[in-house]
Amino acid sequence: MHQIQLIRSSTFLWALAVAAAFALFVVALFAFIYWKLDDYLVARSDRMITTQIRFIADLPPARRISAIADHLAQDSRGVQYAGLFDAAGARLAGNIGRVPRELGLDGAVQGVRLDLLEQPAVHVPVVRAVGRRLDDGDVLVLGRNVDETREISSVVGEALALGLLPAFSLCLLAGVWLSVRAQRRVEEVNQRVQRIVAGELRERLPEGSTDDSFARLARIVNGMLDEMETMINALAGVGNDIAHDLRTPLTRVRLALERGRTHAATLEELQDITDKAIVGIDQSLAIVTALLRLTEIENSRRMAGFGDVALDEILREVCDVYEPIAEDKRIGLGVVIDRNVQVWGDRDLLFEAVANLVDNAIKFTPPGGGVELALEAGDDTALVRVSDTGPGISEREREAVLRRFYRSDKMRNTPGVGLGLSLVAAIVKLHGFRLIIGPAPGGRIEILAWTGSAGKPITRRPRTLVRADASQMG
């Protein structure tokens, strides 16, 4: 079964296809070399016998016979043929029995079969021959056997077999190795995915030390799994948190109504109890509304409202809205704007995020303290900072405060439902910004936004400077 999977794997099939293509290329290359070599040998033979017949034809008649004998005597390989015939066709010298009928006597080289004095045992060779009628009427014929190209083809075939078979086998072995390697990695990924499906959310895919496609894909999937684990862990206790946070106000409403039905003696007492019940119901509705809004933002349903947003205007408006609340608590509220900055986003959502941060800062800052909004701008970034003189967020709580309904023990008696920072984090994530929680003591939360070349192109407004010290706002 394993062998069948190996053969059917795409890696092995691709390696087999590459090996077949390589084999065809090598065969075509050797065929081309043989064809060019054959043409070269024939052309060289033609030049040689043409030069030789001219040389012998220019000799005196008395020396031609000895020249032909010397020519044949020097042929150790037996590929040279020569014949001298008189005008009647009788042989005077050489190893050719008679003048071939199809051979022209105009000095042009052509392929013919010769009648030799000593016929070869295997076959009558096809030779390249040239014939010429001399001035005294004699006929001179010279030829050369070109069947040696068969020897060349045999050598080429052996070289092809010796070179092609090992190369083809090497390609197949490489395909088998790559296929086995890929199958092992896929099998390991499959096993880990099965463990993840079984509930082991901390399991991750192997990334390896190389930067190949598998490693890059594993890093992407692991990042997705990290996000899923965070979301699943956050959602694991949401049901209980919702039930707990809704049970308290609903229980108060029920007790108030029950007490009013039993003990209310006048219309004013009944109205007072009804008002308290309405407050509890409003608190429950606020929790439900906040959850629905958080879900809407996390599902990115507000992208259609994006446009150029002036952060400096948002900070001024938030400061104006919360200034009376800060004064009632005797808290100094100030805003410091380095310069006017625009970002690409949803104005209402960004206003809500900054307002939540300021609301939390005022809520957790003791009387006599201060809260400051600051806007700092760089070439491609803008930093919105909300800082206060409250207890701040400890390092071990920085991740926990972003979970839904999380409330630390020291803040249990503070009004709220524990969704403010979760909402801020969702808005920041929707915009592609970064949320930075500073260390305690003192609260400091920053939103790092992208502008200019890092985000959508924006238009700068004239530089302004607005300062309001916390000490002056109290």
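**Figure 1. Surroundings of A353 in the predicted model.** A353 touches V424 and I427, leaving aside residues up to four places away in sequence. The model shown here and in the other views is predicted. A353 lies in helix α9. With a relative accessible area of 1%, A353 is buried, because the cut-off for buried is under 20%. From A353 to A425 the C-alpha to C-alpha distance is 8.3 Å, and the two are 72 residues apart in sequence. A353 is also one of the residues that line the largest cavity, which is the subject of the next view.

**Figure 2. Lining of the largest cavity.** The structure holds 2 cavities of 30 Å³ or more. The volume of the largest cavity is about 50 Å³. Its lining is made by L311, L350, A353, V354, V384, F433, I447 and A449. Two elements, α9 (347-364) and β12 (443-450), each give two or more residues to this lining. The most comes from α9, with 3 residues. By class, the lining residues are 8 nonpolar, no polar and no charged.

**Figure 3. Packing of helices α8 and α9.** Two packed helices are described by the angle between their axes and the distance between the axes. For helix α8 (residues 311-328) and α9, the angle is about 35 degrees and the axes are 10 Å apart. The crossing of α8 and α9 is right-handed. On the α8 side the contact is made by L311, E313, I314, L315, E317, V318, V321, Y322, I325 and A326. On the α9 side the contact is made by R347, L350, F351, V354, A355, V358, D359 and I362. The contact of α8 with α9 divides into 14 nonpolar, no polar and 4 charged residues. L311, L350 and V354 take part in this helix contact and are also among the residues that line the largest cavity.

**Figure 4. Backbone at R330.** R330 lies in the loop between α8 and β7 (332-337). Phi of R330 is near 55 degrees, a positive value in a residue other than glycine. Most residues other than glycine have a negative phi. R330 counts as exposed because its relative accessibility is 55%, the cut-off for exposed being over 50%.

**Figure 5. R254 and E258 in helix α6.** Both residues belong to one helix: R254 lies in α6 (residues 238-263), and E258 lies in helix α6 as well. R254 has a relative accessibility of 57% and therefore counts as exposed. E258, with a relative accessible area of 35%, is partly exposed; that class covers values between the cut-offs for buried, under 20%, and exposed, over 50%. Each residue is shown with a partner from elsewhere in the sequence. R254 and G280 are 26 residues apart in sequence, with a C-alpha to C-alpha distance of 9.4 Å. E258 and I273 are 15 residues apart in sequence, with 9.5 Å from C-alpha to C-alpha.

**Figure 6. The whole chain, for orientation.** The chain has 11 helices and 13 strands. Of its 474 residues, 39% count as buried. Among contacts in the chain with a separation of 6 or more, 65% are between residues 24 or more positions apart.

Conventions. Residues are numbered from 1 along each chain as its sequence is written. This is a predicted model: local features need pLDDT of at least 70, side-chain atom pairs count only at pLDDT 80 or more; totals for chains, interfaces and linings use all residues. Side-chain values use heavy atoms; hydrogens and water are left out. On a 1 Å grid over the protein atoms alone, a cavity is a set of points where a 1.4 Å probe fits but cannot get out, and a pocket is an open set with protein on both sides within 12 Å along at least five of seven lines; lining residues have an atom within 4 Å of a point. Grid points are joined across faces, edges and corners, and a volume is the space filled by probe spheres set on the points. Helices (H or I, at least four residues) and strands (E, at least two) are DSSP runs, numbered from the N terminus. Ala, Val, Leu, Ile, Met, Phe, Trp, Tyr, Cys and Pro count as nonpolar, Asp, Glu, Lys and Arg as charged, and the others, Gly among them, as polar. Axes are lines fitted to C-alpha atoms, for helices over the stretch in contact, and angles run from 0 to 180 degrees between N-to-C directions. A crossing is left-handed if the near helix is turned anticlockwise from the far one by less than a right angle, and right-handed if clockwise. Contact means heavy atoms within 4.5 Å. Buried means under 20% relative accessible area, exposed over 50%, partly exposed in between (1.4 Å probe, protein chains only).
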